[in-house]
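Me: I have a structure to go through before I set anything up. Can you take my questions as they come?

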Amino acid sequence: MGATGTIGVFSKAEIGGLELRNRIIRAGCFEGMCQNESPTEALLEHHRAVAAGGVGMTTVAYCGVSRSGLAFGHEMWMREEILPMLARITKAVHEEGAAASIQLGHCGFFADPGITGEKALGPSRKFCTYRRAFSREMSEEDMDAVRSDFGRAAEMAREAGFDAVELHSGHGYLLSQFLSPWTNRRKDRYGGNLENRVRFPVSVIRGVRERVGADFPILIKMNLRDGFKGGVEVEDAIRIAGYYEAAGASALVLSCGFTSRTPLYMLRGKVPIMGFVRSADGVLPKIGMLLFGRFLVQYYPFEELFLLEEARRVRGAVKIPLVLIGGVCSLAGMEKAMEEGFDFVQIGRATIRDPDIVRKMETGAVQASDCDHCNRCVGEINSGPVRCVCLDEGRALPA
Ligand SMILES: Cc1cc2nc3c(=O)[nH]c(=O)nc-3n(C[C@H](O)[C@H](O)[C@H](O)COP(=O)(O)O)c2cc1C
């Protein structure tokens, strides 16, 4: 039990039949630790450390379901040849007593044609300012192919020893692009009202469920809000949650934001302009970011549990476990999440700052993470492996 008499965050819990040693999951945080579109030893060591640090489950982040779903050269995509390395990663995580999940997604209209060798796919033709190119509207055949890629990727993840998959349906990735009226302007049965916009994402979840069977946990990361006028709002998210539960989701991770438009909405906190400048692709974008970054990337103040208000509105709509994410960085915050009826929490930056943070909280050595949400870990994401830049610069961790 927690200090307040509710379910304790360090008690065991189940997601879709999988028992976790506690209710704390490392959030999918792109590690930048892939080469040649394949996982590396560094990725293995990263997740071994996070698992040893006490989480119930760690999430290996962004894995494209196909090459066409990649936005960066140092991402991986699911295929036979990477399974042996993924199997080593899951074994290392299991040896530390944690479960392993992998985030599967497709980035849709902001895919990089320089990597994928083809025009980016999206629900509608749309100009991507980041790529300075138009995407192509997906046909029904494209949708069949992507649906099958999701199913195949999930099956392979299970084969590699993952205990769960997390399908990315938030942050403006392809499934989220179908949900958002800003990116989905289709006139057919996949566009228009919410029932139509949710049709393709729902068919993907159903397809994955058919391929992996009834007893394999499928988490879905989805948006409570896109973060701009004309995007998905909480009222939509409540309905989407119901559709996803009916389609076979085992749990929902309730996030927010659109990578190509409101990149810091899902994070809150300081704007790491210099990191974005270093990560920008080419001289002109670097200069543009340096001069106009403050206007291009909006600032959203950080608050602990910044999605609590919106996320609690989904609680009454579904029975499956709900995962609170966003500014979960103290023991008190985690206990508050449990009191509010969430079954799990996901934590990102706190584990980048200190992979041992969960163990330290469990033993009472610390009460909260000392991450200051400078977001330089995100700003530098395209210029090396993910790390706490403050730590690199000598701001030591508490004992
Ligand atoms: C360095 C970094 C990389 C991230 N990469 C991903 C990602 O690949 N997929 C994803 O869904 N979210 C990603 N996120 C967002 C986190 O999963 C999470 O939603 C966000 O950090 C808020 O949680 P926190 O306050 O515990 O950090 C990333 C966050 C950080 C800090």
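Me: What sort of model is it, and which pLDDT limits apply?
Reply: It is a predicted model; local features need pLDDT of at least 70, side-chain atom pairs count only at pLDDT 80 or more, and totals for chains, interfaces and linings use all residues. Residues are numbered from 1 along each chain as its sequence is written, and side-chain values use heavy atoms, with hydrogens and water left out.

Me: Ligand first. How many residues surround the ligand, and which are the closest?
Reply: The ligand is surrounded by 24 residues, and the closest are G28, F30, K221, G327 and R349. A residue is near a molecule if one of its heavy atoms lies within 4 Å of it.

Me: Which polar side-chain atom lies 2.8 Å from an oxygen atom of the ligand?
Reply: One belonging to K221. From the backbone, an N or O atom of G28 is 2.7 Å from a ligand oxygen atom, and an N or O atom of G348 is 2.8 Å from one. A polar contact here is a pair of N or O atoms within 3.5 Å.

Me: Which elements give two or more residues to the shell?
Reply: β6 (57-64), α13 (349-353) and α15 (376-379). Helices (H or I, at least four residues) and strands (E, at least two) are DSSP runs, numbered from the N terminus.

Me: How do the shell residues divide into nonpolar, polar and charged?
Reply: There are 14 nonpolar, eight polar and two charged residues. Ala, Val, Leu, Ile, Met, Phe, Trp, Tyr, Cys and Pro count as nonpolar, Asp, Glu, Lys and Arg as charged, and the others, Gly among them, as polar.

Me: Switching to α11. Which residues are buried there?
Reply: In α11 (residues 308-315), the buried ones are L308, E310, A311, V314 and R315. Buried means under 20% relative accessible area, exposed over 50%, and partly exposed in between (1.4 Å probe, protein chains only).

Me: Why do they line one face of the helix?
Reply: Because, seen down the axis of α11, the buried residues fall within an arc of 165 degrees. The arc is that of the directions from the helix axis to the C-beta atoms.

Me: What do the buried residues of α11 pack against?
Reply: They pack against β14 (218-225), α8 (234-247), β15 (251-256), β16 (322-324) and α12 (331-339). Contact means heavy atoms within 4.5 Å.

Me: Now S176, buried or exposed?
Reply: S176 is buried, at 3% relative accessible area. S176 sits in helix α5 (residues 174-179). Beyond residues up to four places away in sequence, S176 touches S169, G170, H171, T183, N223 and F258.

Me: And T90, what does T90 contact?
Reply: Leaving aside neighbours within four places in sequence, T90 contacts A100, A160, G161 and F162. T90 belongs to helix α2 (residues 83-95) and is buried, at 3%.

Me: Where is E37, and what is its phi?
Reply: E37 is in the loop between β4 (34-35) and β5 (38-39). Phi of E37 is near 60 degrees, a positive value in a residue other than glycine. E37 counts as buried, at 11% relative accessibility.

Me: Last one: G17, buried or exposed?
Reply: Exposed, with a relative accessible area of 58%. G17 is in the loop between β1 (13-15) and β2 (18-20).

Terms used
A polar contact is a pair of N or O atoms within 3.5 Å; within protein, one must be able to donate a hydrogen and the other to accept it, and residues adjacent in sequence count only if both atoms are side-chain atoms.
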